[in-house]
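Thanks for asking me to look this one over with you.

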Amino acid sequence: MKVKLEVTGREVIKPSSPSPHERLQLSLLDLSCPAIYVATTFFYKSITGEKESPENISQRLKTSLSETLSRFYPLAGRQEGVSIRCNDEGVIFTEARTNLLLSDFLRNLSTDSLAAFLPENEEGESAGTWPLLRVKVSFFGSGSGVAVTVGISHQICDASSLLTFVQSWAGTTKGTTTTCTPHFAGATIYPPPDKSFKSPCIDDLYELQGKCVTNRLVFKASKIAELKRKAVSESVVLPSRVEAIMSLIWRCAVKAARSNSVSPKSTVMTQAMDLRLRIPSNVLPQDSMGNLQTCFFLKRGVESELEIKQLVVDFRKAKEEINHMIKENLQGCDNDTANITTTTLSQNLLSVMGSFMSECFKPDIDLYTMSSWCKKPFYEVDFGWGNPVWMGPASHTIYDNVVFVVLMDSKDGQDVEAWVGLPEQDMPVFLCEQDLLAYAVLNPPVLI
C-alpha cells in the first residue's frame, strides 16, 4: 500500500551540551564505506487509553534527542575529509502525518512504501558531509500509531552502532536511569587513511549491477527447522539458521541470474562479521560506535551447482578461520584499544579487507552482499509506547542499484525476515524458484 505523508515540520536539533572534543579521526574502513545512510524504521502502536498529542510526542523526542546527542556528539558534527569536526552543528528532525491507519498500512505492506518514511535531504546536504544523522517521526491517522526512522552516515556507523544510538535515545525519552556513554572507536581498530584518500561513490561500486528491486521474505520457524535439517552434513551437524537461509538465498539468486544471462559470471557471496562479538569487551566495548566489521567471502565458478550442504560447510569454515585469526592475534593485547592498530590483528584485518576489495568488485563477478541482524534487540527499542510492532530496514528505498540480503528476527524472535535486493530482471525468476518457495513466504501482512 502506498502511503502519502505530509511534512509538517523540519528543524535542526543540537546537543544539549558542548562537544568535549574537537575532532574524531575516521578509519580506513569508515571511509571505504560509501557515503550513504544506514537507516531503519520502527513502527509503534498507540497505547490503549493513552492519547498523547503529536505535538507533545515530538517535543519529548526533540528534547531527549538533544540530550542524547551530548553523549553521541560526533553525530552532530560535520565530516571534513578524513575526520569529523565535532562542532555541534546538529542533526535534522522531520515531522510528518498521514490519515492512513497503522494497522491498514502494515496489513497491506509494500517494501517500496518505506521510502516515504525516510527524511529527504535538501540541496547541499549529504551523508558524506552533513547531516550525519537524520530522524523522521511520522504520525498515523486517528492516533493509531507512530513511525520513527533513524538514518546515520555509514562512514561513522554500522548496524550495531545504529542500534546502540537508538537504544540510548529511546531510554532517554522513556526516562530510563541507565544511559549509554558510547565509545567512538574511530581509528583504534583500523588505522586512519592518508589525507589524500577519496571515499568510493556507491554508483562506482555498484554500477555494474543495474537497477535493483527489493522484496521481503519471511521464513517461519517450522520451515527454518526443515531447511536446517536439509543442510546437515558430517562436517556441520547443527547448521545455524543464518547459514542455512543465506545459502538457500544465494543458490536461488545465482540460478535466477544465470537463467537471464547469455554469459554467466562467477559469483561471490560476502557476509559482514561484527568485531564486537569477537573481541573481548574489555578491549572493544559492546557499545563501541564505528564500522567495526570484518567479513568473509565465498567464490564459486560458472559451473558450480551451489549445493546447500556444501555451502553451509564452507560458510562455517570461512567464519571459523576469521574467528581463529582474531583470537590468535589478540594474544598479549591488553585493555587499551589504541594498541590494536599496532598489532598483527589490525594488519590481518586490513589484509582481509584488501582481499575482499580486490576479488569482489570486478566486471566478471556477480557480488551478493549479505548481513545478519538476527539476535540484535531491535524489537526492544522502547520510547515509552512499548516495543515496536514491526521494524524494517529502509536504506534500499533510495539506493536502488545495490544487490544485498539482510536477515533479521521477526517480532516473536522465532521467524526470520529476509530483505533481498536483486537486479530487476532477476527478481521475478528468483521469486518463482521452487527451492525458495518451499521455505519462504513472500511479503505476508503484518497483523497487530
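**Notes on helix packing and selected residues**

1. Helices (H or I, at least four residues) and strands (E, at least two) are DSSP runs, numbered from the N terminus.

2. Before going further, please keep in mind that this is a predicted model, in which local features need pLDDT of at least 70 and side-chain atom pairs count only at pLDDT 80 or more, while totals for chains, interfaces and linings use all residues. Residues are numbered from 1 along each chain as its sequence is written, and side-chain values use heavy atoms, with hydrogens and water left out.

3. How do α2 and α4 cross? Two packed helices are described by the angle between their axes and the distance between the axes. For helix α2 (residues 54–69) and α4, the axes come within 9 Å and cross at roughly 125°, which makes α2 oblique to α4. Axes are lines fitted to C-alpha atoms, for helices over the stretch in contact, and angles run from 0 to 180 degrees between N-to-C directions. Angles under 35 degrees count as roughly parallel, over 145 as roughly antiparallel, 65 to 115 as roughly perpendicular and the rest as oblique.

4. Next, look at helix α8 (residues 308–329) and helix α9 (residues 344–360), which pack at an angle of about 155° with their axes 8 Å apart. That angle makes α8 roughly antiparallel to α9, and their crossing is right-handed. On the α8 side, Ile322, Met325, Ile326 and Asn329 take part, meeting Thr344, Leu345, Asn348, Leu349 and Val352 of α9. Six of the residues in this contact of α8 with α9 are nonpolar, three are polar and none is charged.

5. For another arrangement, turn to helix α6 (residues 221–230) and helix α7 (residues 241–259), whose axes come within 9 Å and cross at roughly 80°. These two helices, α6 and α7, are therefore roughly perpendicular to each other. Ile224, Leu227 and Lys228 of α6 meet Arg241, Ala244, Ile245 and Leu248 of α7, a contact with five nonpolar, no polar and two charged residues.

6. Is aspartate 158 buried or exposed? With 3% relative accessibility, aspartate 158 counts as buried, where buried means under 20% relative accessible area, exposed over 50% and partly exposed in between (1.4 Å probe, protein chains only). Aspartate 158 sits in the loop between β8 (145–153) and α4 (159–174). Its side chain makes a polar contact with the side chain of serine 161 (2.9 Å), and a polar atom of that aspartate 158 side chain lies 3.1 Å from the backbone nitrogen of leucine 292. A polar contact is a pair of N or O atoms within 3.5 Å; within protein, one must be able to donate a hydrogen and the other to accept it, and residues adjacent in sequence count only if both atoms are side-chain atoms. Not counting residues up to four places away in sequence, aspartate 158 touches Arg276, Gly290, Asn291, Leu292 and Gln293.

7. Threonine 188 is worth a visit too, in the loop between β9 (183–184) and α5 (202–206). Threonine 188 also counts as buried, at 15% relative accessibility, and its side chain reaches the backbone oxygen of alanine 185 at 2.7 Å.

8. Some backbone details deserve a check. A cis peptide bond, with omega about 0°, joins tryptophan 130 and proline 131, and proline 131 is in the loop between α3 (102–107) and β7 (133–139). Aspartate 88, in the loop between β5 (83–85) and β6 (91–97), has a positive phi of about 60° although it is not a glycine.

Note on methods: Left-handed = near helix turned anticlockwise from the far one by under 90°. Contact = heavy atoms within 4.5 Å. Nonpolar A, V, L, I, M, F, W, Y, C, P; charged D, E, K, R; others polar.
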